Structure formats: structure tokens, C-alpha cells
Amino acid sequence: MGRNIRKRRSPLAVRAIAASAALAIGGGGLVWANFYASAHEKNSSTNTTKAAGAQVATITCPDVGQKLTNVPKQARGEVDGELATLDQQITAAYQRLATTRDAQTRDASFVQNSILNPLKNNRSVIIDRIKLEINRVGGKAPGWLDGLSTCTGAPADQTNAGGQNNGGAAASPSASAGAGANAGAGANAGAGAGASASASAPAGGAQAGNGGQAGNGPVAADFVDITKVQPNVARKARTQNGGSSGTFSSSCGVNANKKFNTDNVIVAPGVTNGAHHLHDYVGNQSNDAFANNDTFAAAQTSCANQGDKSSYYWPVVRIQNGTQDFDQNNDGGGKELNVGQIQQVKQAQIKFVGNAKSKVVAMPKFLRIITGDAKTTTNGLANANAHWSCTGFENKVQLTAQYPICPRGSTVVRTFAFQSCWDGVNADSANHRTHVAFADAQGNCANGFKAIPQLTMRLVYGFRAPTLTNGQIKNAYAVDGFPEQLHKPSTDHDDFINVFDDKLMNKMVTCINNGQRCK
């Protein structure tokens with residue numbers, strides 16, 4: 001893509017948060033840091049946290065990029081750069097929020113006056129730039145953009161995607177299509193049986209708000225014993241006459257090359273650390289912030305079939321056991337509260353499947369798809385497509401708003417079923433969503449969209465299960481994310497850029513439409 005080659009602007013206030021999130025390890029268990037207490041406070045210790053039920057736990061800002069669905073192509077590179085700056089501003093504001101707890105306890109207006117008001121002013125400047133870029137190329141910037149500058153503070157128990165706070169429901173209409181992913185609402189029905197009573201319940205023995213090794217999640221309510229969750233996976237649609245029941249698998253390894261970065265070339269091309277969290281990559285080996293279509297086409301691939309140079313990438317999972325990994329002092333890593341021991345997958349299964357109602361057509365080369373939403377803590381679950389489960393339970397239970405605790409002999413699985421309807425024209429869209437859509441439960445593509453092979457991914461891990469006892473979580477794990485999103489399980493997401501050559505793409509389509517199993 002390569003539409004914007006400038007590097008991101010310098011942070012407004014991005015530093016020194018790790019020191020405020022000290023970790024205590026005792027008896028093999030994880031004790032959450034004294035995140036709400038300043039190091040200058042009396043009675044400050046790593047085992048004691050102030051009661052902070054009403055204290056602001058995170059910052060929620062309107063997601064300008066998601067709402068901005070109509071941007072002229074000539075302006076998208078510059079607009080994407082400005083949107084990345086908005087993310088950077090939120091990160092800086094959250095870090096200021098996290099390191100000024102002492103001042104907040106002394107001054108009830110501190111958050112509003114010293115954090116939220118300056119953030120609003122900074123966002124207004126960037127939103128004005130976005131409007132200018134759209135108008136400069138002959139577009140018409142929507143007037144409602146001005147209303148998106150204001151952000152609010154939210155207590156931990158009032159975020160939009162905490163396990164119990166949303167009943168655990170999954171709002172995404174993703175199709176299972178043989179991937180084991182649940183379709184529709186109710187993905188966490190019955191989850192409350194094994195979870196804490198609220199997101200503000202103590203986790204790790206001393207946490208009263210955000211929790212986590214770095215003080216911003218996860219919390220006890222983000223976990224549930226999967227054996228206590230009622231089955232919730234809907235039966236997938238039966239393939240009808242005229243449908244396509246075949247599959248095509250691509251074996252691309254498990255990132256043995258250890259290709260990591262915190263870029264996201266889809267949403268923030270040309271912006272270093274545009275994701276603000278670390279990604280695992282398989283397939284294309286040249287994916288970074290500055291890659292474009294020519295870069296992808298010329299790249300090496302980890303896929304066994306060299307005709308597949310597609311890029312498959314997802315945020316890493318970390319065990320919060322006190323360990324710091326290689327990026328503990330890096331942007332996107334420890335500097336932005338993504339901490340703990342990185343866990344690489346044991347299996348990464350990539351499969352493309354058909355459509356219950358119709359034949360599929362070839363995906364356009366360089367098609368970009370993001371599934372799920374990295375910002376559900378502020379956006380809610382409308383675009384969530386996280387599916388967490390355990391081996392042996394995948395056809396019974398899929399969780400969106402909680403992480404599973406797997407029984408002995410079982411391990412964590414993340415499953416993704418991507419959008420499988422395409423508008424027939426665009427390889428991307430302004431908000432990276434509207435050019436693709438999910439089929440309905442029967443397999444229908446709406447609005448004249450065409451069915452394409454549906455990418456499904458299954459990521460299997462091998463780490464030891466956490467334990468949840470009396471509101472304390474031991475061996476907690478969490479997906480990387482934007483720091484203000486509090487490492488909620490619903491923020492899980494996956495990214496794909498199609499770089500199949502024409503011959504292999506045509507083989508895929510033929511196999512799927514003829515009901516064959518190919519690779």
C-alpha cells in the first residue's frame with residue numbers, strides 16, 4: 001500500500017510508566033502492583049492498593065477511524081497518518097492517567113482539567129487536519145467530525161467490554177464455516193458461573209481496579225472456568241444446492257523466524273508502532289509499516305506453497321508471571337504496558353472455506369481484511385470477533401468477553417472466522433471494514449456483495465492454565481493491545497493481506513466450489 005511514508009510524531013507525554021507498576025512474586029503466585037498509589041504516598045507498597053471503585057480507570061474516546069467511512073482515496077494516506085496520531089495521543093493521555101493517581105486522589109478535578117481537556121484540544125487539532133486533507137482533494141469532510149474530539153474517563157466496572165458487564169455476549173455475526181467459531185450473540189452465555197462478580201473484584205489479592213502485571217489488566221472477571229460455561233456454539237448452516245463446501249489449507253508455520261513488530265500497515269501505513277502492540281507474523285516476511293504491494297509481491301514467505309505470499313498476523317499473548325520479554329523497554333511493549341512472557345503458538349492452522357448458499361469468487365490480490373476490534377473496551381462489542389476456547393471444547397463453547405481457564409489436558413485456542421462477502425470492487429476501504437462483510441447465518445451476502453473464500457484461523461497454545469481462587473488469578477494471560485483497552489479478551493483481532501498468485505487463487509476457488517479438500 002505504502003501511501004504514507006512519514007514516521008509518527010513524537011509523543012506528547014509517553015514515558016516512565018513501568019516504574020509505577022512494580023510486581024511482587026510470592027509463593028509462585030502473581031500479586032498485582034500498587035498501581036493506584038503514587039511512589040510518594042505514605043503507606044505505598046506493592047501489595048496494597050487503594051480502593052478505587054469510583055476512580056477513573058481508563059480513557060474512552062470516539063473511534064474516529066471506524067466512523068470515518070468515506071475518505072477520498074487521494075487523502076487516505078494522510079488521513080491514516082493523522083488517525084495514528086490520535087491513537088498516540090490517547091496512549092499518552094492514558095499513561096499520564098496511570099502515573100498521576102496521587103494527584104487524582106487529592107484533586108477531584110485533576111483528570112478533567114489536566115488530562116481530558118488537554119486531550120480534547122490536541123484531538124481537535126488533528127481532526128481539523130483530517131478535515132483539511134479530505135477537503136483538499138475535493139471531498140467534503142463531515143460536520144460531525146468536530147463532535148469526536150471529547151473523551152471521557154471510565155471506572156473499571158463501567159468499560160464497554162468487561163466480562164460480566166456485557167453478559168459475555170458476542171455481537172459479531174461471524175460465520176463458523178467449519179472453523180469452530182461461534183456466530184451471533186450469546187457467545188458467553190452462562191459464563192458467570194465461574195467468574196468473579198464484577199470487573200472491579202480483586203485479582204491477585206490486592207487489585208481493586210485495573211489489575212495486571214503492568215496495572216492495566218487483566219482482572220479476575222476476565223477469566224472463566226470453561227467447564228462451567230453452558231454450550232453456546234450454534235450449528236453452522238448446511239450447504240445447499242449451489243453452495244460451495246470445499247476447503248483449501250495453507251501451511252505457513254508458527255513464526256519460527258520470530259518476525260515481530262508493533263506496526264500495522266493496514267490501518268497505519270508509514271507509521272512506526274502504529275499498532276501500539278506486538279504482532280506475530282506468518283506468511284509474508286516483509287510486512288512492516290513501510291511495506292507496499294510491490295514489497296509484498298517480491299517478499300519471501302514462510303508458507304510451504306510459495307504461491308502464497310499472503311500476510312497473516314495477530315497480537316501476541318503473554319503470560320503475566322513477572323517475566324519481562326525482549327521488548328520490555330520498547331514502544332508497543334513495556335513502554336505501553338504490554339508486558340509478560342510472550343507465548344508463541346504451537347499450531348497455526350490456516351484454512352479457506354466456502355459458502356453455504358453460493359459459489360465463491362476469487363479474492364482480489366492485495367485485499368486487506370481486519371476481523372475483530374482492538375478497541376472494544378471503548379467501542380463496545382458491535383465489531384468484536386474474538387473466539388477463545390480450549391482444545392476439546394471448541395465445538396461447544398466459544399468465548400468473546402472472557403478468557404477461558406482450561407482443564408488439565410486441554411489448552412487455549414484462539415479462532416478467527418473472517419468476513420466472507422466482498423463488495424466486488426475495492427481491496428480496502430477508508431475504515432478498513434466497509435469493503436467486506438459477514439454472510440448471514442444462512443450464507444447470504446447482502447447489498448450485492450459477492451461470496452469469497454472465507455479465511456479461518458486456529459491458533460493453539462501450550463501454556464499452563466491459570467487458576468482462579470477467591471478472586472485471585474494465578475498464571476494470568478492476556479492478549480496484547482492498546483494500553484487504554486485494559487487487555488480485555490474481546491479486543492482480540494486478526495489481520496490478513498491477500499498475496500496469493502493468480503494460479504494458486506484460482507486453484508483455491510475451484511477446490512472450494514467443487515467440494516474438494518486441497519492445499
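A disulfide joins C390 to C406, with an S to S distance of 2.0 Å. The model is a predicted one. Its disulfides number five, and their pattern, with bonded cysteines counted along the chain, is 1-2, 3-4, 5-6, 7-8, 9-10.

**The disulfide of C390 and C406**
- The torsion about the S-S bond of this pair is about -85°, so the link is left-handed.
- C390 belongs to strand β14 and C406 to the loop between β15 and β16, so the pair ties together parts 16 residues apart in sequence.
- C390 and C406 are buried.

**Two further disulfides**
- C61 and C151 are joined with an S to S distance of 2.1 Å, and the link is right-handed, with 115° about the S-S bond.
- C61 lies in the loop between β3 and α1 and C151 in the loop between α4 and β4, so the bond ties together parts that are 90 residues apart in sequence.
- The relative accessible area is 8% for C61 and 5% for C151.
- C252 and C303 are also joined by a disulfide; the torsion about its S-S bond is about 95°, so this link is right-handed.
- C252 and C303 are both buried.

**The sheet**
- An open, mixed sheet has six strands in the order β14-β16-β20-β12-β6-β25, with β14 and β25 as its edge strands.
- Strands β12 and β20 pair in the antiparallel sense over seven bridges, and I350 has M457 in β20 as its bridge partner.
- Helix α7 lies across β6, β12 and β25, running at about 140° to β6.

Terms used. Residues are numbered from 1 along each chain as its sequence is written. This is a predicted model: local features need pLDDT of at least 70, side-chain atom pairs count only at pLDDT 80 or more; totals for chains, interfaces and linings use all residues. Side-chain values use heavy atoms; hydrogens and water are left out. Two strands pair if DSSP finds at least two bridges between them. Helices (H or I, at least four residues) and strands (E, at least two) are DSSP runs, numbered from the N terminus. Contact means heavy atoms within 4.5 Å. Axes are lines fitted to C-alpha atoms, for helices over the stretch in contact, and angles run from 0 to 180 degrees between N-to-C directions. A disulfide is a pair of cysteine sulfur atoms within 2.5 Å. Buried means under 20% relative accessible area, exposed over 50%, partly exposed in between (1.4 Å probe, protein chains only).
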